[in-house]
Structures are given as C-alpha cells and as structure tokens.
Amino acid sequence: MTIDKLNEIIESPPAELGTTILDSLTSVPLGGIVAATYKVGVGIADYYLFRKFAHFLEPMSGMEKEVDDYIAKLSPHDQNKLGEYMLSLLSKAESSEKTQIMGMILKAAVKKEVDEMMMLRLVSIVGRSFVPDLKELPKFKEASEDFTIAANEFVNLGLIDNETGGLWKDRPTLELNDVGKTLCGILERGAWFGSSKIAAEN
C-alpha cells in the first residue's frame, strides 16, 4: 500500500475503524511497529493518532521503498527504538502540521541529508516548538538584531547558540547555528514556509 492510499483511508474512515486501519498500517513504512502496539480495537483517540501518523508519512509519499530500505538497515533493536520514539513524539504533538514537519526530517535522513543523531535531535526540537514561531527561521539565517519572542524560543530550543549567535558587531545579534540552519534548510526544501495547508484543520 502507498502512503497516499493510507491517507485516503485515514481521512475517510469506515465504520469499523479498528480492522481496516490496523491492516492498512502494516503495509506502510514504520506502520507495523505502530500497529503492533494495538492488540484489540481502535478508539477515537487512537484514530486521531493514526491521522497524525498519516500526515507524518505524507512528505515521504512515493518514497516507500527508500524508507523501507532505510529502516531495514537498522538493527531490530534500533528499529523498535526508532518506532517507539517517533510514536511517543507523534502522540504528544498538538497538530498534524507538526507531525508533517517531523516527516520532512525523517525524509532528510532517508535521503542522507542528515545523520540519525541529527534527525532525532531535530524531531525532538520540533516536538517542543510552537509551530508558528518556526515560520521566522529564515529571518535568522543571517545575523539579525530582531529580538522577537520567536528568537528567544530559538535560543531555548538550541537553534541559536545564545543572544549573540557567536557574532559581535556594534551590538548583539542573533543568527541560527548549524542545527537551526539544518532545520531551516529541510523546511525550505519541503516548501513549508508560506504554506500552512494543515494548520487550518487543527
């Protein structure tokens, strides 16, 4: 099953959620790990988790084989750890837009644009972030004197090293560090800035 087909099932669930969704999950990347945690049925709260999981996979639509190959290269222990970690973050995410960003980060790891440790670091940061603030990331690719609330949050999240960004001129400035620039680059490649198609539904 393709990721697009899973999205169709999640967005238009049949009366019997449990059997159909669980069966569908087992045939998409990382889905088997999620399905294995549900031994009986699927309630409404679980449905919303699966909905976020579908949005998480959306950026990797058409890359099912690449994602499967990436997962297959991990040891069984690391596969379970990755699945459990992602499921924990997805369950805590307050919006589907946030889970989609996490999917963009996993996609970057699958494409070898970031290593596994950077991938885990970034999804953790996104999990703790306020999504609208992330829209301001491009403002700090270069040194800026714009001390906004979002900038302060970037410092707290580890996307800006400190209030000087490692750069002193006539006055303190703010600039993304390597982690911040990596996240900004992933979101730029995913054409996320200026687009919030999922935000409106949450």
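Predicted model: local features only at pLDDT ≥ 70, side-chain atom pairs only at ≥ 80, totals over all residues.
## Salt bridges

Glu94 forms a salt bridge with Lys98, and the closest N and O atoms of the two are 2.9 Å apart. Glu94 is exposed, with a relative accessible area of 53%, whereas Lys98 is buried, with a relative accessible area of 1%.

The count of salt bridges comes to eight, and another of them joins Glu113 to Arg189, with the closest N and O atoms 3.2 Å apart. This pair links distant parts of the chain, since Glu113 lies in the loop between helix H7 and helix H8 while Arg189 belongs to helix H11, 76 residues apart. Glu113 counts as partly exposed at 36% relative accessibility, and Arg189 counts as exposed at 52%. Together with Lys111, Glu113 and Arg189 are linked in a network of salt bridges.

Glu136 forms a salt bridge with Lys139, where the closest N and O atoms are 3.3 Å apart. Glu136 is partly exposed, with a relative accessible area of 23%, and Lys139 is partly exposed as well, with a value of 39%.

## Aromatic rings

The count of aromatic pairs comes to three, including the edge-to-face pair of Phe140 and Phe154, whose centres are 6.0 Å apart and whose planes make an angle of 80°. Phe140 lies in the loop between helix H9 and helix H10 and Phe154 in helix H10, so the pair ties together parts that are 14 residues apart in sequence. Both Phe140 and Phe154 are buried.

## A charge over a ring

The charged end of Lys135 sits over the ring of Trp192, at 3.7 Å from the centre of that ring.

Terms used
Residues numbered from 1 in each chain as written. Heavy atoms only, no water. Phe/Tyr/Trp six-rings, centres within 6.5 Å; stacked < 30°, edge-to-face > 60°. Helix = DSSP H or I, 4+ residues; strand = E, 2+ residues; numbered from the N terminus. Buried < 20%, exposed > 50% of the residue type's maximum accessible area, 1.4 Å probe, protein only. Lys NZ or Arg CZ within 6 Å of the ring centre and 35° of its normal. Salt bridge = Lys/Arg side-chain N within 4 Å of Asp/Glu carboxyl O.
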